[in-house]
Amino acid sequence: MAADADLGEQLAARVAEAAAAGTPLRIEGSGSKAFYGRPVAGEPLPLAGHRGIVAYEPAELYVTARAGTPLAELEATLAARGQRLGCEPPRFGGRGTVGGMVAAGLSGPRRPWSWAVRDVVLGVRCINGRGEILAFGGRLMKNVAGFDAARLMAGSLGTLAVLLEVTLRVDPAPEATLTVSLECDMAEAIERLAAWGRLPLPLAGACHLDGRLHLRLEGAEASVREAAARLGGEARADDGGLWAGLRDHTLPFLSGDDPRPLWRLSVPPATPPLPLPGEWLLDWGGAQRWLRTDAPAGAVRATAERAGGHATCFRGEGIEPFHPLPPAALALHRRIKAAFDPAGILNPGRMYAEGGP
Amino acid sequence: MAQRSEITVDESAARACMAALRRALPPDTLLTDPDTLRTYECDALSAYRRLPLAVALPHDREQVRTILRITREHGVPVVPRGAGTGLSGGALPHPRGVLLSLARLNRILAIDPRNRTARVEPGVRNLAVSEAARPYGLHYAPDPSSQVACTIGGNIAENAGGVHCLKYGLTVHNVLRIEALTADGETLVAGGGGLDGPGYDLAAVLTGSEGLLAVVVEATVRLLPLPQCARVLLAAFERVEDAAAAVAAVIAGGIVPAGLEMMDNAAVRAAEDFVHAGYPTDAAAILLCELDGTEAEVEAGIARVRALLAEHGATEVRLARDEAERERFWKGRKAAFPAVGRLSPDYYCMDGTIPRREIGRVLTRIAELAREHGLPVVNVLHAGDGNLHPLILYDANRPGELERTERLGHRILEACIEAGGTVTGEHGVGVEKLDPMCRQFDEATLRQFHALREAFDPRRLLNPGKAVPTLARCAEHRAMHVRGGRLPFPELERF
Ligand SMILES: Cc1cc2nc3c(=O)[nH]c(=O)nc-3n(C[C@H](O)[C@H](O)[C@H](O)COP(=O)(O)OP(=O)(O)OC[C@H]3O[C@@H](n4cnc5c(N)ncnc54)[C@H](O)[C@@H]3O)c2cc1C
């Protein structure tokens with residue numbers, strides 16, 4: 001295991017130099033999510049050496065870790081105290097870092113019933129594009145002093161600042177977990193989820209693939225059993241790696257060598273099956289839908305938009321990854337980027353082309 | 001750029017702006033009569049009062065846009081206002097600006113039970129959302145004590161919390177989509193119809209931005225199923241420190257209560273006198289701990305919490321027998337501010353947040369500071385998330401007492417910062433906590449906040465002088481602190 005080290009000052013100096021010289025930087029965690037977003041031309045700024053858990057107070061429900069800390073290490077530390085991250089971030093190959101998790105802002109199957117990555121971000125220390133070390137937020141759940149720039153970092157893919165340290169809310173792990181599976185098609189799964197969503201069920205996952213609806217129940221032993229009985233279907237404690245596979249994108253649907261692009265559609269959960277060709281995997285109770293399709297990008301995006309959502313091309317050659325923004329919104333994004341990174345050196349163009357963030 | 005002082009508006013620009021507004025808006029939409037303006041001179045932080053140039057009461061989004069376009073053209077500031085229940089002066093008018101009330105944009109546009117969302121205009125009251133959702137077995141979780149009056153727009157601007165936010169999150173966790181107008185009247189959509197939107201997470205930055213970045217004109221909020229069962233325990237303690245330790249123990253025990261509130265003896269007595277909640281008035285402090293979920297889960301949890309409370313010196317632990325008693329227990333807590341308000345001509349509500357384990361120590365420190373300043377302090381806490389609401393009792397009519405109150409307030413916030421906390425958990429900085437912000441943040445961070453604001457509003461016309469202190473003000477504040485003196489020219493405005 002690599003030694004813990006605080007490279008904050010060195011990294012800040014490096015950013016300041018790059019800002020002065022106008023040299024673009026490509027921020028690297030472990031590279032586990034290098035496929036996500038647009039390619040960045042720049043000098044590498046590796047964060048992996050800047051690692052270590054700085055503070056962990058289980059009773060205060062927070063943990064602070066340096067950006068290069070492996071997610072697996074952080075999760076093991078939490079698990080040893082009966083805690084976990086509610087946002088269940090993907091661990092792509094087990095290599096992901098804590099900083100990469102926040103920068104990518106991807107949340108796992110538990111997201112609709114627990115938290116998103118941005119929800120558990122309580123504070124960050126980061127380097128802006130001027131090479132200044134800044135601290136936003138803190139260690140507390142409740143904090144409205146100053147703009148919430150800490151949460152803004154989640155999903156910004158390193159285009160605003162280099163994350164040095166993040167403080168995350170942690171939650172107790174549940175007493176029991178059960179998975180209930182039912183045969184039904186996608187339309188019926190959506191109908192059932194819309195009805196069940198209004199009931200106080202201890203849901204912690206709901207996905208549909210290959211003609212089966214799978215529900216994960218978490219909580220006190222008694223309530224999980226009671227809910228399983230109410231939902232019907234077959235209930236089992238061993239999910240056969242289903243939720244981990246969904247979370248970490250190791251399910252063949254997400255990871256396999258299907259040559260077709262992989263799309264992620266974020267839509268209102270009860271949206272009926274969308275009229276696009278290809279294969280679907282429903283996650284987040286219907287609010288996150290994965291699609292393998294050859295349909296043109298424009299059609300996928302227009303369909304998602306009509307449903308009130310947006311579409312990300314998660315894996316696919318030659319397709320813009322992120323949903324295009326209307327001109328005024330793109331202009332605002334550029335101004336926000338410039339506010340943090342006036343020289344435009346931090347992961348330029350990782351999200352959008354043409355001087356976009 | 002950020003070092004520039006806040007805006008100045010000259011008389012003729014203000015006059016021209018008023019004329020243009022009058023031409024563009026129906027007569028009932030623009031109020032300038034001094035008596036009417038007085039209704040809007042302050043929010044719930046009544047120590048600060050000011051008259052605006054005019055109050056605009058638009059009926060719809062297009063009128064809001066018109067107002068913003070005209071004010072921008074003339075360089076006139078705009079202060080958004082919801083219900084005016086804010087406790088930090090966030091809706092305090094600008095003397096050369098337009099106070100923009102969103103109160104008439106108060107329609108619930110849609111309740112969508114299948115997607116479990118409510119789409120509302122910004123002037124809709126917090127409680128009205130839950131009332132509209134109830135027939136579907138749903139509710140809107142963030143429930144500030146002011147929920148009968150405060151608006152969703154104001155909740156978003158302050159990232160309001162409530163007694164249930166430890167488990168269900170703050171406003172930021174429960175708003176999916178925001179439509180707002182920027183200072184130049186452009187529509188800005190943040191978030192999306194699903195659980196996220198494309199691009200930067202603008203919904204997160206807009207939430208808690210105190211009306212400085214954009215004017216919220218519509219929001220889609222999440223609705224959650226009403227819990228099957230909710231039970232509340234009331235525990236009495238002979239020592240405040242024991243109650244504080246019990247709070248830490250409950251959380252450390254892996255329990256996430258739906259609510260965990262604390263009141264000290266003075267608050268207990270005030271609430272009891274006011275609403276007869278059935279509180280033990282001899283207790284040094286009480287805790288209210290609510291658990292919700294399925295029957296079985298709640299029952300098991302209650303047994304564990306009972307044991308933890310007893311272990312930490314609770315002299316009495318009472319389980320609300322029925323729904324009526326549960327509501328009564330909560331009524332006492334939710335009425336705590338007005339109840340304390342009956343004890344004294346004025347009170348000043350603080351809002352520091354600290355790590356839970358520091359609660360006992362900081363409360364002791366607050367008691368010392370209160371004695372030093374000769375002013376009584378009553379404590380009400382969202383203890384589960386370490387959010388303190390010390391209420392300083394004073395009489396504004398007694399010369400010097402408000403100033404002494406503010407000094408005490410700042411000392412209390414310093415104690416919170418020293419304990420690793422923050423100067424505001426949910427009420428916002430407003431005008432009130434600008435100086436403590438200078439203590440909490442360094443110059444580079446403050447400069448970054450200003451730059452972010454200018455990305456949204458380059459001319460700084462939205463709610464100027466609030467939320468983020470200018471660097472000049474902080475420089476002065478720091479210098480003053482070194483000398484330990486009072487402000488050199490207290491009569492001057494310090495934005
Ligand atoms: C008795 C009492 C109890 C309270 N309890 C709690 C509590 O438990 N939890 C809590 O969090 N707060 C509490 N508060 C504080 C207050 O109710 C909240 O801050 C609330 O969110 C303010 O809403 P409002 O509609 O009254 O906003 P206002 O006071 O009118 O405005 C507050 C801020 O929001 C801005 N604003 C308002 N509407 C908009 C809009 N549409 N677009 C952009 N900006 C806007 C204003 O400019 C201002 O900066 C309490 C207040 C009182 C008086």
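**Ligand site**

I began with the ligand in this predicted model and found 35 residues around the ligand, of which B:P80, B:G82, B:T85, B:S146 and B:T151 come nearest. I then looked up polar atoms facing the ligand's oxygen atoms. A polar side-chain atom of B:T151 lies 2.7 Å from an oxygen atom of the ligand. The backbone also takes part: a polar backbone atom of B:G86 is 2.7 Å from a ligand oxygen, and for B:S145 a backbone N or O atom lies 2.9 Å from one. I noted that the protein covers 96% of the 980 Å² of accessible area that the ligand has on its own.

I next sorted the shell by element and class. In chain B, β3 (78–81), α5 (152–158) and β10 (215–222) each supply at least two shell residues, and α5(B) gives the largest share, five residues. By class I recorded 15 nonpolar, 16 polar and four charged residues in the shell.

**Interface of chains A and B**

I turned to the interface, where 86 residues of chain B are in contact with 70 residues of chain A. The buried area is about 6,300 Å², with 59% from carbon and sulfur atoms. On the chain B side, I found that B:R114, B:Y200 and B:Q448 lose the most area to chain A, together 13% of what that side buries.

I checked charged pairs and found eight salt bridges across the interface; one of them joins the side chains of A:R118 and B:D201 at 2.8 Å, N to O. Among the helices of chain B, α17(B) gives the most to the side touching chain A, with 10 residues. That side has 39 nonpolar, 30 polar and 17 charged residues.

Methods: Residues numbered from 1 in each chain as written. Chains lettered and ligands numbered in written order. Predicted model: local features only at pLDDT ≥ 70, side-chain atom pairs only at ≥ 80, totals over all residues. Heavy atoms only, no water. Near = heavy atom within 4 Å. Polar contact = N/O pair within 3.5 Å; in protein donor to acceptor, adjacent residues only side chain to side chain. Areas by Shrake-Rupley, 256 points an atom, 1.4 Å probe, with all protein chains shown as cover. Helix = DSSP H or I, 4+ residues; strand = E, 2+ residues; numbered from the N terminus. Nonpolar A, V, L, I, M, F, W, Y, C, P; charged D, E, K, R; others polar. Contact = heavy atoms within 4.5 Å. Buried area = accessible area lost by both parts, 1.4 Å probe. Salt bridge = Lys/Arg side-chain N within 4 Å of Asp/Glu carboxyl O.
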